[in-house]
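Hi,

Here is the structure I promised to pass on to you. Have a look at it first, and my notes follow below.

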Amino acid sequence: MQRPVQRLTVGLTAAALMGVGMAVPTGAAVAAAAEPSDLIISEYVEGSSFNKAIELVNPTDADIPLAAYSLEVYFNGSATVTPAGTFALTGTVGAGDAFVFADEDLAAFADQVTASSLWNGDDAIVLKHDGAVVDSLGQVGFDPGSQWGTGLVSTQDNTLRRNASVCLGDTDPTDEFDPAVEWTGFAQDTFDGLGAHTADCGDAPPTTPVINEFSASTTGTDVEYVEVLGAAAADLSAYAVLEIEGDSNSNMGVVDEVIALGTADADGRYLAELPANALENGTMSLLLVEGFTGAAGDDLDANDDGVLDDGPGLPSVLDSVAVNDGGAGDLAYGDTVLGVAYDGLAFAPGGASRIPDGTDTDSPSDWVRNDFDLAGIPGFAGTLIDGEAVNTPGAVNALTIEEPPVVADCEAPIVTIGSVQGSGASSPVAGQTVEIEGVVTGDFQVGGFDGYYVQDLGDGDSATSDGVFVSAPGGADVEAGDLVHVVGEVGESFGMTQVVADAYAVCDTGAALPRRPRSRSPRARRRTRPSRACASPCRRSSRSSSTSTSTASARSCSAPNGRCSRRRCTHRDRPRPCGSRPTTPRTASRSTTAAGCRTPTRPSTRTATSSRSTTCSAAATSSRTRRASSTGASASGGSSPRRAPMSRRSTRGPQRPRSAATSRWPASTS
């Protein structure tokens, strides 16, 4: 079912971004191209149930057979197409005609139908001719979640129609896709436009110029200009733009400003830059006139009736646009008046643009107010909202600012992964775009995880992680050992920090996996370092006493460490680590070891003065001197008495005698 395309020839659409006199705002979206050469996707239906359709339009002057054309559907962000997603087209699309491919549920609107399952809101669609991309909708290799766009202008549960100014397809199916740039949205299950498309492909430039954009009142110091659109390189010196006063408390009908014109650029644009406050901020009219011989200050409405006076020297008005701020008694001149709430907003516009370029039906609907906060002007972020146009002096009028593509540069500055992870439960930079570099330690793009792990050399902070998961749903050609530079937004998923990659670059391959040097606190080092034990047997020393003929043997640990040498061995000649418990049976009474050392009984409760180690004392003159038994004398081997080594405790002054109540260990039974 082919229906003729409605063709309008009231405006010139062009893709150049050169400005005249004023710096052209970067990133302004190009809305159209002048010379169509192939089919384009002109309408997209993603309705309820199986209500799916694609409309193609032939904006050229020749019929186009479809034998070599196909539609490809890339499901769920896939970078490859499956046989189930490939549909060969049949038939011919006549010059200026439209062609509809649809599910069989929409057969009443279609030229070709299918019973196969078609697309959802997150699936990209590509039109190809002999394998070459002719046009595309969506972004191949990227899964947007559920849809591209927002509200009515989105790919889920909506109908999208290509703007009339768009005559060339998007031949890069992997570039970023924003439907608001070239599409207008309609409610779910809107089919009344299928088979008919309005196109304005610039087959004829305007024979007379029009006011295409103006700016009179903006935030801060007014940025003011008037743009006129005519034929390419046309001499516009015979024309002028007059600003006419309209405020009732001023000289209504008086020419406030005469704006002379010159030669249009290759796209037919002439931009007149004006100083701040040249144009009125209140009610005023802009008239494009030819052959004006008057001057500023002339009164063109002497009786203030809102109609230009007849008489000699009255200029021929070719185009006009007026702003009325709602003041009582204010007057506007011309056919098109942009008043308070003309577009639903509660204030008069400070500037406006024809959307698309050159549209002239002498109606306020030709105009979209410009962003008052100067979106599109270099140095201003603006506050662009739906229903506002970008400020585009000397460039194609547009409703959106197309962000430049994100590029990953291995020489660009980076932040550490540790600073992205942070030391808390979530990232301190969640929602921000960062650039990181690291070695791929694991590639998990296959199996449903759609990403890979990277790790850098660390930031020296033991409280942060030096690795992070990079989500790459569009796929990334990386493998373990690749050093990658990643640009992406930080987010949280299932309680873990991740970076959603917008772009990446492989800076090196075969890199060694990073190893962070171990770093322990002094306490941790003490915990993990093997304890120094009294590794050698207890030394024996004998001491004679004037009150005893026996020899007592005392033993002390020979460990060189000061902490160990405070401890005393008391159980036989076996070496044991400092601080370990004795292995001899415990009893509740005192006894004497075979070497003459005593072991106090174990206390029933712990006290602040208790100690794990027992002490040996062989001083014969001490009040606590023990008589060495024949067993002790035998243990000493019968050698001559020697002075026992002094305990380190004795160097700190007199010590309180230790009682059984303050001891821990039971007496030895040997």
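Four bridges join strand E2 (residues 40-46) to strand E14, and the two run antiparallel. Please keep in mind that this is a predicted model. Within that pairing, Val 45 stands opposite Thr 159 of E14.

E14 has another neighbour too: four bridges link E14 to strand E15 (residues 183-186), again antiparallel. Here Leu 160 has Gly 185 of E15 as its bridge partner.

E14 itself spans residues 158-162 and is mostly covered, with five of its five residues buried. In a regular strand, side chains alternate between the two faces of the sheet. For E14, both faces are covered: Asn 158, Leu 160 and Arg 162 are buried on one side, and Thr 159 and Arg 161 are buried on the other.

Now to the cores. The largest nonpolar core has 29 residues, and Leu 89 and Leu 127 touch the most other members. Strand E2 supplies at least two residues of this core, as do E3 (52-57), E5 (69-74), E8 (98-103), E10 (124-129) and E11 (132-137).

Leaving out residues up to four places away in sequence, Leu 89 touches Leu 56, Leu 66, Ala 67, Tyr 69, Ser 70, Leu 71, Phe 99, Phe 101, Gln 112 and Leu 127. There is also a second, separate core of 25 residues, whose members include Ala 216, Tyr 239, Tyr 270 and Ala 278.

Conventions
Residues numbered from 1 in each chain as written. Predicted model: local features only at pLDDT ≥ 70, side-chain atom pairs only at ≥ 80, totals over all residues. Heavy atoms only, no water. Buried < 20%, exposed > 50% of the residue type's maximum accessible area, 1.4 Å probe, protein only. Pairing = 2+ DSSP bridges. Core = buried A, V, L, I, M, F, W, Y, C linked by side-chain atoms within 4.5 Å. Contact = heavy atoms within 4.5 Å.
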